[in-house]
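User: I would like to know how the labels used for this model follow from their cut-offs. Please set each value against its definition.

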Amino acid sequence: MAEGDTILRAARRIDAAIGGEQVEVSAPNPRGRAAGVQRLDGKTIERVDARGKHLLLRFDDLVLHSHLGMSGSWHVYPRDAAWHKPAGVAWAVLKGKSSEAVQFGGPTLRLLRPDALRRDPTLSRLGPDILAADFSAEAVARSLRGHPHRTLGDALLDQTLVAGIGNIFKSEACFVARTSPWHPVGRLSDAELREVLEVARRLMQESVAGGRNEPAVYRHGGRPCPACGTPIAAHGQGDANRQTYWCPHCQRPRRS
């Protein structure tokens with residue numbers, strides 16, 4: 001699933017390419033037509049925002065809300081250039097003067113009015129964005145503290161507590177901080193919770209700036225830990241059974 005770093009990079013690319021421009025909008029795929037994206041034709045993009053894993057393209061009286069899920073993507077091309085995917089799978093095409101932004105797939109594409117956006121049950125419940133300029137690891141650590149029996153890895157994926165972290169940076173941040181993702185939140189100190197959050201933010205900021213480095217543990221189940229050589233473990237975690245990767249030696253749960 002696209003995580004906050006991917007969405008922020010997409011928002012910046014789209015804004016740089018067609019932000020402030022009047023756009024021609026089409027929907028080659030029926031899914032885009034069902035969302036009514038053609039209503040944006042001839043309107044001007046005022047700005048493009050990222051909120052956790054959600055992308056918001058703001059026009060004067062409408063907002064295009066996109067969530068990419070596991071399979072969606074936004075591409076930016078020179079206007080009328082060849083695309084990397086078939087035209088028939090494009091849900092939305094926004095053409096500016098010299099560039100165009102195209103969304104392919106994803107579970108969510110919808111139009112909202114600004115007042116409906118503020119009341120939207122999904123977006124209004126989002127926790128602080130891990131990549132926001134005013135992000136406070138201390139404040140989020142306090143929110144996590146309110147769920148003492150949840151395991152750390154599961155809590156980090158709860159978008160109502162902190163928005164933007166997904167399976168990759170959950171696993172990578174816990175590894176870099178040498179903290180077990182299986183440790184109950186209530187048994188971790190405020191300093192330990194802040195460290196994991198600050199590491200996740202730093203890793204994601206680095207990804208936004210220059211692309212991701214090779215993961216240390218994510219999808220490396222069975223391979224040697226880069227720090228100690230112990231085989232990396234992998235197991236489903238939380239109600240959604242999302243796969244977690246960790247080093248059983250470097251990230252041993254501490255005894256209470």
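User: Why is Ala81 called partly exposed?

Analyst: Ala81 has a relative accessibility of 28%. Buried means under 20% relative accessible area, exposed means over 50%, and partly exposed is what falls in between, with a 1.4 Å probe and protein chains only. Ala81 therefore counts as partly exposed. Ala81 sits in the loop between β5 (73–78) and β6 (90–95); strands are DSSP runs of E with at least two residues and helices are runs of H or I with at least four, numbered from the N terminus.

User: What kind of model is this, and which conventions apply?

Analyst: The model is predicted: local features need pLDDT of at least 70, side-chain atom pairs count only at pLDDT 80 or more, and totals for chains, interfaces and linings use all residues. Residues are numbered from 1 along each chain as its sequence is written, and side-chain values use heavy atoms, with hydrogens and water left out.

User: What makes Asn241 exposed?

Analyst: Asn241 reaches 52% relative accessibility, so Asn241 counts as exposed. Asn241 belongs to the loop between β9 (233–237) and β10 (242–246).

User: How do you know that the radius of gyration agrees with a compact globule?

Analyst: The rule is 2.2 Å times the number of residues to the power 0.38, with the radius taken over C-alpha atoms. For 256 residues a compact globule would have a value near 18 Å, and the protein chain has 20 Å, which agrees.

User: What makes a set of residues a nonpolar core?

Analyst: The members are buried Ala, Val, Leu, Ile, Met, Phe, Trp, Tyr and Cys residues joined through side-chain atoms within 4.5 Å. The largest such core has 37 residues, and Leu144, Leu156 and Ile165 have the most contacts inside it. The largest share of this core, 8 residues, is supplied by α8. A second, separate core of 28 residues includes Ala10, Val25, Val48 and Leu57.

User: Which residues does Leu144 contact beyond its neighbours within four places in sequence?

Analyst: Contact means heavy atoms within 4.5 Å. On that basis Leu144 touches Ala155, Leu156, Leu161, Val185, Leu193 and Leu197.
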